Amino acid sequence: MSHQNLAVDVEAIRDEFPILEREFDGQQVVYLDNAATTQTPDPVVDAMSDYYRESNANVHRGIHHLSQEASEAYEVAHDRVAEFIGADGREEVVFTKNTTESENLLAYSWGLNELEPGDEVVLTEMEHHASLVTWQQIAKRTGASVEYVRVDEDGRLDMDHARELIGDDTAIVSAVHVSNTLGTINPVAELTELAHEHDALSFIDGAQAVPNQPVDVKEIGADFYAFSGHKMAGPTGIGVLYGKRELLEAMEPYLYGGGMIRKVTFEDSTWGELPWKFEPGTPPIAEAVGLHAAVDWLEEIGMERIRDHEQELARYAYEQLESEGDVEIYGPEPGADRGGLVSFNVEGVHAHDLTSILNDHTVAIRAGDHCTQPLHDKLGVAASARASFYVYNTREEVDKLVAALDDARQLFA
Amino acid sequence: MGLGSDMYRQQILDHYKNPRNYGELEDPTFTHVGENPMCGDEIRMDVKLEDDDETIEYVAFSGDGCAISQASASMLSGELQGKSVDDLLEMDRDDVIDMLGVDISPMRVKCAVLAEKVAQDGAEIYRGELDKEKTSTED
């Protein structure tokens, strides 16, 4: 990473994404839905394609050459991801289907077994349904209660409220690292410290963080941390649950089956080593190869530069939208604690109508509640439009988004 | 231009901006509410039947939502006047799309049919054929 100070070479990067050249009705796609899923660069597609063409076999215990190659590739992908997020080796990196499954793994394996009546699970009002719904339901089954750290008027967590809520009854603090709706980058190290002061665990949902900024789980101190491959230039079908080794060791498996056992009799079974204990059945092998390639690809650009590029675009989009006068923007003002997405509404135009009209200009954004319904209730809107950026987006694309808003205004004026 | 702009032809926009039969009835024969969670659309349909308990005398709607859902409710409220409850129950999504007179992109069909579903469920509940507090396009 010798060019840390240089701006991202967007043109060269875009060459690796043929999909960004696609046209609909003669207009080139403007892809601004990256918080939902990012596009996949050629090196990642090639790595997966090469795997299927050259090395495909089932993993674990195959004696033949192909199985050895596939097993090696699958296992090494864990090492690479561990290195990327600062974990202590593959034992701390469990591959799942996505962030949601990582969350459920923790909630079922740890939560269902450990939570008791009187225990508190502390969430934030800006949680994604992936963690909000999961903890809510696990709490109902265990008799634990769920508390929410307030979001203040600027779209930041009210840390005074967090200090009030997190106490000796708190069993776990579960917080989103970067809000997928407000764009807020939360002080997750501080939240983790608060949790630890009260002997509680911390789980951080990093789905919108790991793809877009440097993340070191040890620096944060989190006990558990989750993210998805498909939001970080990798494939769908693979996610990660990081967990501290001693915690994962103490946890019961979430799914049972082959590949995760040590010894099986008709009466009982014992579990294999980490992380395989949590990865029964045939795992997402090609996807692991793809995720490995995506991590290589991201690090070659440099996570600081990716973050800077996205924050710059978000700032530009925020300023352009704000200057329109009839646009309401949610979340903090641009700055160090705001990531690369902007959610907004245009006065008098429903977010879904707006998004349909933007689609006529081949501008792809998302409208809805972004899996944060309670937060939208708090904001007092049923839905919002969201533009989210990645390393291949440009200012010109933001301009196209802003220009297309005029069409919506004219129709609905 | 693609499907989207076709969706917002003059008639749709007119009904969205100037909804017909908007409001709540004082003495409806039946009332029902429903939502489309995807868009956050909410609609209440009030239906007044004539003395034969079969002919629809008047329909009013209220609620919030996207242009497609609100225009659809507005048009349906007029369309149903003078029709029978059986006519209402026989309607399907194609009838609604024909009524709207525009191409509805696949992701927006739920917005279009919300009012129809709410009115139909309301009628079935009134007849004692259905027990439901709220209609959802996700059901």
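Biologist: What makes β11(A) and β12(A) a hairpin?

Modeller: In this predicted model, strand β11 (residues 261-264) and strand β12 (residues 269-271) of chain A run antiparallel, and four residues lie between them. Three bridges join the two strands; pairing takes at least two bridges, so β11(A) and β12(A) count as paired. I261(A), for instance, stands opposite W271(A) in β12(A).

Biologist: And how do you know that β16(A) and β17(A) pair?

Modeller: By the bridge count again. β16(A) and β17(A), residues 384-388, share three bridges in the antiparallel sense, and at least two are needed, so they pair. Here G368(A) sits opposite S384(A) of β17(A).

Biologist: Which sheet do those strands belong to, and what is its order?

Modeller: An open one of four strands, ordered β13-β14-β17-β16 in chain A, with antiparallel pairing. On average, neighbouring strands in it are turned by 30° against each other, direction ignored.

Biologist: Why are β13 and β16 of chain A called edge strands?

Modeller: β13 (327-330) and β16 (366-368) of chain A each pair on one side only, and that is what the term says.

Biologist: Which helices lie across this sheet?

Modeller: Helix α11 of chain A, residues 303-322, lies across β13 and β14 and runs at about 15° to β14(A). Helix α14 of chain A, residues 395-412, lies across β13, β14 and β17, at about 20° to β14(A).

Biologist: Now Q213(A). Why is it called buried?

Modeller: Its relative accessibility is 11%. Buried means under 20%, so Q213(A) qualifies. Q213(A) is in the loop between β8 (201-205) and α8 (217-220) of chain A. Beyond residues up to four places away in sequence, Q213(A) touches H177(A), V178(A), I185(A), M303(A) and R307(A).

Biologist: Why does H198(A) get "partly exposed" instead?

Modeller: H198(A) has 23% relative accessibility. Buried is under 20% and exposed is over 50%, so 23% falls in between and H198(A) is partly exposed. You'll find H198(A) in the loop between α7 (188-197) and β8 of chain A.

Biologist: What makes the pair H198(A) and D168(A) a polar contact?

Modeller: The side chains of the two residues meet at 3.0 Å. Leaving aside neighbours within four places in sequence, H198(A) is in contact with I166(A), G167(A), D168(A) and T170(A).

Biologist: How far is H198(A) from D169(A)?

Modeller: Their C-alpha atoms are separated by 8.1 Å, with the two residues 29 apart along the chain.

Conventions: Residues are numbered from 1 along each chain as its sequence is written. Chains are lettered from A and ligands numbered from 1 in the order in which they are written. This is a predicted model: local features need pLDDT of at least 70, side-chain atom pairs count only at pLDDT 80 or more; totals for chains, interfaces and linings use all residues. Side-chain values use heavy atoms; hydrogens and water are left out. Axes are lines fitted to C-alpha atoms, for helices over the stretch in contact, and angles run from 0 to 180 degrees between N-to-C directions. Contact means heavy atoms within 4.5 Å. Buried means under 20% relative accessible area, exposed over 50%, partly exposed in between (1.4 Å probe, protein chains only). A polar contact is a pair of N or O atoms within 3.5 Å; within protein, one must be able to donate a hydrogen and the other to accept it, and residues adjacent in sequence count only if both atoms are side-chain atoms.
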